[in-house]
Amino acid sequence: TASQAAEAAAAGSLSTSGLSFDSDLEKAFPTKPVEVQPQQRYSYRMNDNTYMGRQVEPEEETPPAPAAPEDEYTEEQAKIKDYARNYFAVNAGGLSASLKINLLKDIEAGELIKEVGGAGVTFGAQYQRRLTDRLWLGGVLNIGLIPQNITEASPQLQIKTTGQIIDFDILFGFYLNPKSKTRLYLLGGGGLSSVNIDKNAVRLTDPGGPNEGWVPLESQSAKSSGFGALFGAGIERSVMDINLALELRGQYNSLSRDFEGSRKINYYALLKAGWFF
């Protein structure tokens, strides 16, 4: 009856005709669950645009992203360069200077003409303003360092020389091809040029004696200031917002008698970075 079934369920077993059945048959007779293999569906596409035997429309290929124009920056840079009214640049490089001076002048009696100078380093800056599309006018300041030179004037006298060359010029720049990304230009100008050589001498006192030693003497210098003229040429190229240039210059100096017989033209090789604005 229904009431007997409910009581049997509550008791956990059912008794009928003397047979007992456990309600938890899975524990008494464990069964293995059926494993269902996942079904995979494959799609085949043929070269004749068929799919599963049916004609289909070919998929549209996504067009590649358009490449940036190669000269996009060049056009932007050209706008800056073509409409700019000002130009500023810094430079650094090397110089070749050959100067002859009397090392013994103002140190002791006698004459010892010696060539000093050689290859040195130089740095500077320039500013120019546009007059026309090709012609620019401005100024340039350049400082060159003459390398140290030690001369043994005698067994008891040594002289060390160092120096500087300072040039300040009014500068004209003329571009041969101002609209190009790589530009050629000429330089010309003139101004003031100053050359200074310091002479620092030391003398050996009491040679071979108990008080032998080197004693510094009073420093002397050879100076020359006067008119100078500048000329040169260069090649410049725009790279991003910077204009890089290689420049060769010559600087003429009107030297005084302290440098009689010296070469009056110094040569410069410069790397330059400039900006239009």
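Colleague: So, how many cavities of 30 Å³ or more are there?

Modeller: This is a predicted model, and the count in it comes to 4 cavities of 30 Å³ or more.

Colleague: How much space lies in the largest cavity?

Modeller: About 70 Å³.

Colleague: And which residues line the largest cavity?

Modeller: The lining consists of Lys81, Asp82, Arg130, Asp133, Trp136, Tyr175, Pro178, Lys179, Arg183 and Phe276. By type, the lining has 6 charged residues and 4 nonpolar ones, with no polar residues.

Colleague: Let's pick one of those. Where does Lys179 sit?

Modeller: Lys179 is in the loop between strand 8 (157-175) and strand 9 (182-205).

Colleague: Is Lys179 buried or exposed?

Modeller: Exposed, because its relative accessible area is 55% and the cut-off for exposed is over 50%.

Colleague: What does Lys179 touch, leaving out residues up to four places away in sequence?

Modeller: Lys179 touches Lys81, Asp82 and Asp133. Take Asp82: Lys179 and Asp82 are 97 residues apart in sequence, while their C-alpha atoms are 7.4 Å apart in space.

Colleague: Nice. On to the aromatics: how many aromatic pairs are there?

Modeller: The count is 4 aromatic pairs. One of them joins Tyr87 and Trp136, with ring centres 6.4 Å apart and planes at 65 degrees, so that pair is edge-to-face.

Colleague: Where in the chain do Tyr87 and Trp136 come from?

Modeller: Tyr87 is in strand 5 (residues 86-102) and Trp136 is in strand 7 (residues 135-154). They are 49 residues apart, and the pair links distant parts of the chain.

Colleague: Are Tyr87 and Trp136 buried or exposed?

Modeller: Tyr87 counts as buried because its relative accessibility is 1%. Trp136 counts as buried as well, at 3% relative accessibility. The cut-off for buried is under 20%.

Colleague: Trp136 was in the cavity lining together with Phe276. How are the rings of Trp136 and Phe276 arranged?

Modeller: Their centres are 5.6 Å apart and their planes are at 55 degrees, so the pair is tilted. This pair also links distant parts of the chain, with Trp136 in strand 7 and Phe276 in strand 13 (residues 265-276), 140 residues apart. Phe276 is buried, with a relative accessible area of 9%.

Colleague: Which residues make up the cluster, then?

Modeller: Tyr87, Trp136 and Phe276 form one aromatic cluster.

Colleague: Changing topic, what about open pockets? How big is the largest pocket?

Modeller: The largest pocket has a volume of about 190 Å³. Its lining is made of Lys100, Ile101, Asn102, Lys105, Asp106, Ile113, Lys199, Ser221, Ala222, Arg257, Asp258 and Glu260.

Colleague: Which elements give two or more residues to that lining?

Modeller: Strand 5 and strand 11 (220-239). The largest share, 3 residues, comes from strand 5.

Colleague: And how does the pocket lining divide by residue type?

Modeller: There are 7 charged, 3 nonpolar and 2 polar residues in the lining of the largest pocket.

Colleague: Asp106 is in that list. What is its phi?

Modeller: Asp106 has a positive phi of about 70 degrees although it is not a glycine. Most residues other than glycine have a negative phi. Asp106 lies in the loop between strand 5 and strand 6 (113-130).

Colleague: Now the overall picture. How many helices and strands are there?

Modeller: The protein has 3 helices and 13 strands. Of its 277 residues, 31% are buried. Among contacts with a separation of 6 or more, 64% are between residues 24 or more positions apart.

Colleague: What about confidence: what is the average pLDDT?

Modeller: The average pLDDT is 82, and 71% of the residues score at least 70.

Colleague: Where does pLDDT stay under 50?

Modeller: Over residues 68-73, for which the model has 3 contacts beyond four places in sequence. Where pLDDT is low, the predicted coordinates should not be read in detail.

How values were computed
Residues numbered from 1 in each chain as written. Predicted model: local features only at pLDDT ≥ 70, side-chain atom pairs only at ≥ 80, totals over all residues. Heavy atoms only, no water. 1 Å grid on protein atoms, 1.4 Å probe; cavity = no way out; pocket = protein on both sides within 12 Å on 5 of 7 lines; lining within 4 Å. Points joined across faces, edges and corners; volume = space filled by probe spheres on them. Nonpolar A, V, L, I, M, F, W, Y, C, P; charged D, E, K, R; others polar. pLDDT = per-residue confidence, 0-100. Contact = heavy atoms within 4.5 Å. Phe/Tyr/Trp six-rings, centres within 6.5 Å; stacked < 30°, edge-to-face > 60°. Helix = DSSP H or I, 4+ residues; strand = E, 2+ residues; numbered from the N terminus. Buried < 20%, exposed > 50% of the residue type's maximum accessible area, 1.4 Å probe, protein only.
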